[in-house]
Amino acid sequence: MGQREETVIRDKMSWWVEASSDYDFAQRLAETEDWRSVHGWRYHIKSFKEKFPDEVPKRADANELIPLHWDGSWKELARRLNKQRPDITVGAWEKRIENAKYRGAITQKSFTHFETVHLDSPEKDIEQLWKQVEDTTRESLLAHQDSRWAEVSFNKGGYIGVAFASDQHIGNSYTDHEQMRRDAELIAATDNLFVIHGGDFVDNFMVDKAKPAMRQRIPPSVQWKLAYHYLNLFDEKIVAVVAGNHDLWTSGLTDFDPLGQILKEKGILYHSNELNIKLLIGSQAYYVSVRHQRRGNSALHPARVVKKMWEDGESDFDIGVIGHNHVPVIEPFTRHGRERWAIRPGSYKIIDGYGETLGFTRDRPTCPMVILSPTERSIQVFTELRDGVAALEALNDKC
Ligand SMILES: [Fe+2]
Ligand SMILES: [Fe+2]
C-alpha cells in the first residue's frame, strides 16, 4: 500500500464514516480518485484497516438500522436493510431480524388477517433467553423434586400411631361430618397419635363442574372456612398433607391454592401431589408415601394402584397411602422380603349419588391407623381408629 492511497483515505475519512459499508466507501473513492478501480480501493481500504486499526472509523451497529415496528414481510425488510448496508447479505439480515424478533427489538408485525405483538424483554437475545430458561427450570425442577421428600423425627418415646384420613368432602350433604369431627378430636386427645391427610378436604364444585356446583348447599368459601376449623381440631397432630383433586380445582382455575395457603400459615408439611416421608421413631425408620390419586386405579382392586406405586414409583416405602377411592381397603404385600402395606383410607362422604346408580352401596366412614414400634421394625395396622387407639394406649402403658 502506497503513501498516496493512505493520504487519500485519511483525507476522505468523513466519507468512510458516512458510508454504509467499506464497499460503499470504495465506490465513492473510485468516482473521484479514478486512478484506482473500486476493487483497487477495496484492497487498499483493507490494507489500511490492518495497518492502522485505531484510525478506522467506528460505524454504528448495523442492528440499530432494524426498525422497532415493521408491518411488511420479513423478506422485504431484509432487502431494504441490505440496500442500506450491502456488506450484509439479505440472508444475514434475515438472521439478524430473527434475533431481533426474539429479543423483542421488533415489537409488531401485521399479517393480512391479523396482527401480532411481541412483549419479550428487549434486552435479551435468544441465547440469553435460553440460558435464563435453563436456570429457572433447573431451579424449579430441583425445588419440585425436593419438596416431595421429607424426614420427620418424633421426639416422643414409645410407640407412635399414625392415622390416615382422606376425602372429607366437607360441605357435601352425604358426608358424615359428625364422625369426622369425633375422629379429629380423638386424634388430638390421644397421646403419641398423629395424622397424615390424603386430600379432598372440600367438595369445592366450581364453574366448570356446573351441575354439582348448582346442587351444593354450602358454597366453596364456607367449605374452606369449615375445612380451616376441621384442621384446627387436630391441634398440632398433623404430620403432613397432600391435596386432592377437589382441593386443587381452585388453584387450577384461579392460580390460588387455599389449602396450600392454610398449611403454609400453620407450617405443616404439604405437597399438592405426593409426599415421601421418612418417619424416624426411636431407633427405627419407616417410609410412608402418600398421594391423593395415581394412574392405574382399579375400582375392583383398589389396593393394586398402591403396589403399582411401589413398583414404578420412586420410593421403597413400607406404607403406601392413596386417597380418592371412597371405598376403604387395607392390604399387606411383600416386596424384597419385607411386609408392606397398601392403604386406601376411604371417605367420610358415605353416599355417592352417581355410585348408587352404578350399584355401589354406601361406604362406612373410616380413618385407618398404624402403630409403629420404636425398637424393632413392626407395623400394626387397624382398619378402625378406635381399635388402634386402644392398642396404642395399651402398648405405651406397658412401656
Ligand atoms: Fe374424594
Ligand atoms: Fe378425589
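Angles, contacts and strands in a predicted model

Author: Helices H3 and H4 are oblique to each other. This is a predicted model, in which local features need pLDDT of at least 70 and side-chain atom pairs count only at pLDDT 80 or more, whereas totals for chains, interfaces and linings use all residues. Residues are numbered from 1 along each chain as its sequence is written, and chains are lettered from A and ligands numbered from 1 in the order in which they are written.

Reader: Why are H3 and H4 called oblique to each other?

Author: The axes of H3 (residues 22–32) and H4 (residues 38–51) cross at roughly 125 degrees and come within 8 Å. Axes are lines fitted to C-alpha atoms, for helices over the stretch in contact, and angles run from 0 to 180 degrees between N-to-C directions. Angles under 35 degrees count as roughly parallel, over 145 as roughly antiparallel, 65 to 115 as roughly perpendicular and the rest as oblique. The crossing at roughly 125 degrees belongs to the rest, and H3 and H4 are therefore oblique.

Reader: Which residues of H3 and H4 meet?

Author: In H3 they are Asp22, Tyr23, Phe25, Ala26, Gln27, Leu29 and Ala30, and in H4 they are Val38, Trp41, Arg42 and Ile45. Contact here is a matter of C-beta atoms, placed from the backbone, that lie within 7 Å. The contact of H3 with H4 divides into eight nonpolar, one polar and two charged residues. Ala, Val, Leu, Ile, Met, Phe, Trp, Tyr, Cys and Pro count as nonpolar, Asp, Glu, Lys and Arg as charged, and the others, Gly among them, as polar.

Reader: What makes H1 and H4 roughly perpendicular?

Author: The axes of H1 (residues 3–11) and H4 come within 10 Å and cross at roughly 85 degrees. That angle falls in the perpendicular range, and H1 and H4 are therefore roughly perpendicular to each other. Glu5, Glu6 and Ile9 in H1 meet His44, Ile45 and Phe48 in H4. The residues of this contact are three nonpolar, one polar and two charged.

Reader: How do you know that E11 and E12 pair?

Author: Two strands pair if DSSP finds at least two bridges between them. E11 and E12 (residues 338–344) have seven bridges, in the antiparallel sense. At one of them, Phe333 has Arg340 in E12 as its bridge partner. E13 (residues 369–372) and E14 (residues 379–382) run antiparallel with four bridges, and a hairpin of six residues joins E13 to E14. Ile371 has Gln380 in E14 as its bridge partner.

Reader: What makes E3 and E11 edge strands?

Author: Strand E3 (149–153) and strand E11 (329–335) each pair on one side only. They belong to an open sheet of six strands with mixed pairing, in the order E3-E8-E9-E10-E12-E11.

Reader: How many helices and strands are in the protein?

Author: The protein has 15 helices and 14 strands. These are DSSP runs numbered from the N terminus, helices (H or I) of at least four residues and strands (E) of at least two.

Reader: Which residues of H11 are called buried?

Author: In H11 (residues 245–254), His246, Asp247, Leu248 and Thr250 are buried. A residue is buried if 20 or more other C-beta atoms lie within 10 Å of its own, exposed if 12 or fewer, and partly exposed in between, with C-beta atoms placed from the backbone. Helix H12 (258–266) is included in what covers the buried residues of H11. Of the 399 residues of the protein, 32% count as buried.

Technical notes: Two residues are in contact if their C-beta atoms, placed from the backbone, lie within 7 Å.
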